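Hello,

Here is the structure I said I would pass on. Please look through it first; my notes on what was found follow below.

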Amino acid sequence: MARFLLTTAIDYVNSRPHLGTAYEKITADIIARYRRLAGYDVHFLMGNDEHSQNVFKRAQEQGKDPLAYCDEMEQVFCEVWKRLDVSYDDFIRTTDRTRHYPATQKLAQVAYDKGDIYEGSYEGWYCEGCEAFKPEKDLVNGNCPLHNTPPRWIKEKNWFFRLSRYQQPLLDHFAKHPSFLEPEIRRNEILRLIEGGLEDISMSRSGQSWGIPVPFDRDSVVYVWFDALINYAAAVGYGWNEDLYRQWWPANLHVVGKDITRFHSVFWPAMLMSVGEPLAEQVFGHGWVYFKGERMSKSLGNIVDPLDAANRFGPDPLRLYLAKEIPYGGDGDFTWGRFEEKYNADLANNLGNLVNRVASMTERYQQGRIRATGGGALAAIAAESVSAYTAAMQAHALHDGAAAAFRLISAANNFIAEQQPWALAKDPANADQLNGVLAESTEAVRIAATLLAPIMPASSTEILRRLGDDRPLKDRRLGADTAWRSSGEKQLLNAGALWPRIEAEQGAATVTDQTQKPAETPAPADTSSTITIDDFMRVHLKVAKVLEAERMPKSQKLLKLKVDAGEAEPRTILAGIAEAYGPEALIGKSIVIVANLAPRKMMGIESNGMVLAASPEGGGAIVLNSEPAAPGTRVR
Ligand code: MSP
């Protein structure tokens with residue numbers, strides 16, 4: 001079985017986990033769970049970074065011994081990770097004396113023996129938030145641009161690591177291993193940095209006791225970053241268990257934030273090169289999650305606690321939001337309004353509704369029994385979803401993986417709407433056809449739930465249980481468990497709404513109990529052209545502001561618009577209105593779009609949504625202008 005060593009950054013423990021740090025752990029967990037589903041032997045490592053001066057200070061402020069403080073914080077962190085269903089296999093702390101101390105001291109000693117560490121003195125601005133020296137040119141009004149706090153001027157004896165020696169070897173490595181650092185935007189950024197020349201870095205601090213003693217100078221401790229990076233190798237045996245180490249090292253993937261990608265793709269590989277150890281196969285630098293477009297910070301008082309979402313809705317809606325709504329590798333935004341909107345759209349109205357409909361109709365019409373049948377149109381969509389999902393997840397495109405699973409869910413809901421099982425149920429002569437519709441829908445749910453298992457483990461387990469299959473997730477495999485099954489019988493369980501809708505009332509969100517609504521609403525014959533309010537609410541109409549507009553080459557009709565719909569990134573929409581509007585007429589206008597239309601490719605460009613326009617009899621189009629409400633505002 002192919003092994004897969006996956007790591008996340010280890011967190012400073014001077015404050016509790018927040019949505020940003022949780023984003024990293026949850027997305028890495030999705031990768032770990034996906035790899036297990038794909039049959040890899042996964043070792044998923046996380047941990048805490050404890051030798052930071054900020055941690056030391058926080059302990060002092062609380063009148064605690066630093067190690068006792070870190071012990072408490074380990075409990076705090078691990079409880080949060082467990083509540084969010086993060087399935088780490090190992091958790092390392094940099095104060096770990098049996099693993100991390102020997103590893104750090106060995107690596108420092110080997111690099112020293114190699115001639116890569118020398119003594120010097122350092123003078124410069126040091127930001128304690130970053131735990132790094134800052135070039136004067138990077139300061140903004142004398143402050144660290146990241147933390148907005150003044151750095152300290154430090155002058156001390158330091159040991160230096162000869163990073164400069166590894167400029168060329170690093171460039172060679174990047175050239176030979178194009179996927180060593182992803183996404184591309186970070187690779188380009190880091191390549192420019194390396195090409196610009198590398199200065200030697202400090203690997204020790206003097207005059208401090210909180211840290212690991214430098215093996216060849218007991219008066220100094222190892223600098224927190226040099227120390228922290230070694231955790232990845234320390235956890236799997238470096239310096240204390242050679243056999244274990246050879247079994248697991250090198251790591252397959254380091255998942256880290258964009259702010260610390262440089263440490264992982266420049267310092268850490270150079271340290272490994274120095275001591276003659278293999279480099280990790282890949283570093284992935286994910287983006288940041290902002291709250292209403294702003295960096296979360298204590299001083300702004302806008303820190304989102306992931307447990308608020310988990311305690312209200314369970315961890316899965318948050319996990320899904322983070323995976324599906326933020327293209328992995330880019331930055332994303334979180335607001336409660338948007339979270340609730342996506343919860344309603346994806347979970348209450350789409351997946352939850354599907355599970356409910358299938359289970360309640362099967363109960364009502366066939367005593368809960370399903371006989372599997374061959375797959376029709378849905379089977380083809382399922383096969384497409386599985387292959388798109390697999391390709392996306394293999395490439396860490398978690399958002400595309402989630403979207404592929406949801407394509408199948410939407411298709412199954414549409415299939416039910418078209419086939420109208422409630423109408424078939426009126427005539428016993430249709431019994432086989434009715435079973436066929438329910439069986440196909442059930443099979444689509446089963447496959448979609450299996451694909452979603454890495455993202456929503458508890459919910460997938462529950463859905464699969466309701467479909468009469470309570471094997472644990474760890475026994476399920478991509479391939480065997482995602483192929484269409486056309487034989488066998490099962491007993492379904494109709495157990496009520498998984499995700500009651502959240503209704504926003506006067507700014508306060510309330511949850512309605514969906515179990516009281518009929519699971520499916522057959523349309524009475526005389527009102528067959530009407531739709532329910534729930535049907536209407538599935539169409540997301542939103543205000544969007546036109547940022548750019550241009551004619552599509554070789555097309556009379558199409559305009560290509562770039563619009564701001566209040567999302568992390570502008571979206572592209574192709575609209576057939578070029579005969580009525582020149583591009584300039586639309587730029588800056590607030591228009592109304594259908595935001596949840598499946599993407600469609602036209603003339604080689606993917607259109608993500610539709611512009612609402614009146615279509616007068618004689619031709620032309622009148623785009624519905626909105627009052628300039630904020631982009632992203634829902635129209636209903
Ligand atoms: N201790 C160092 C990492 C050492 S790894 C050998 C550190 N710790 S941290 O607690 O500040 O950050 C931990 C991780 O959380 C980093 O990868 C960082 O990028 C990530 N995030 C912190 N805030 C974040 C967001 N708002 N959004 C996404 N990730 C963020 O750096």
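This is a predicted model, and the notes start with the ligand. The ligand is surrounded by 24 residues, and the closest of them are Ile10, Glu24, Asp49, Gly257 and Asp259. Sorted by class, this shell contains 12 nonpolar, eight polar and four charged residues.

Several elements contribute to the shell. At least two residues each come from strand S2 (11–12), helix H1 (19–37), helix H7 (224–229), helix H8 (231–235) and strand S13 (253–257). H1 gives the most, with four residues.

A polar backbone atom of isoleucine 10 lies 2.8 Å from a nitrogen atom of the ligand. For valine 289, a polar backbone atom is 2.9 Å from a ligand nitrogen atom. With glutamate 24 the side chain is involved: one of its N or O atoms is 2.5 Å from an oxygen atom of the ligand. Taken alone, the ligand exposes 660 Å², of which the protein buries 93%.

The other part to look at is a set of strands. Strand S12 (residues 217–222) pairs with strand S10 (residues 204–206) in the antiparallel sense, over three bridges. In that pairing, serine 204 has valine 222 of S12 as its bridge partner. S12 also pairs with strand S11 (residues 213–214), again in the antiparallel sense, over two bridges. Here proline 213 has valine 221 of S12 as its bridge partner. S11 and S12 form a hairpin, with two residues between them.

Regards

Note on methods. Residues numbered from 1 in each chain as written. Predicted model: local features only at pLDDT ≥ 70, side-chain atom pairs only at ≥ 80, totals over all residues. Heavy atoms only, no water. Pairing = 2+ DSSP bridges. Near = heavy atom within 4 Å. Polar contact = N/O pair within 3.5 Å; in protein donor to acceptor, adjacent residues only side chain to side chain. Areas by Shrake-Rupley, 256 points an atom, 1.4 Å probe, with all protein chains shown as cover. Nonpolar A, V, L, I, M, F, W, Y, C, P; charged D, E, K, R; others polar.
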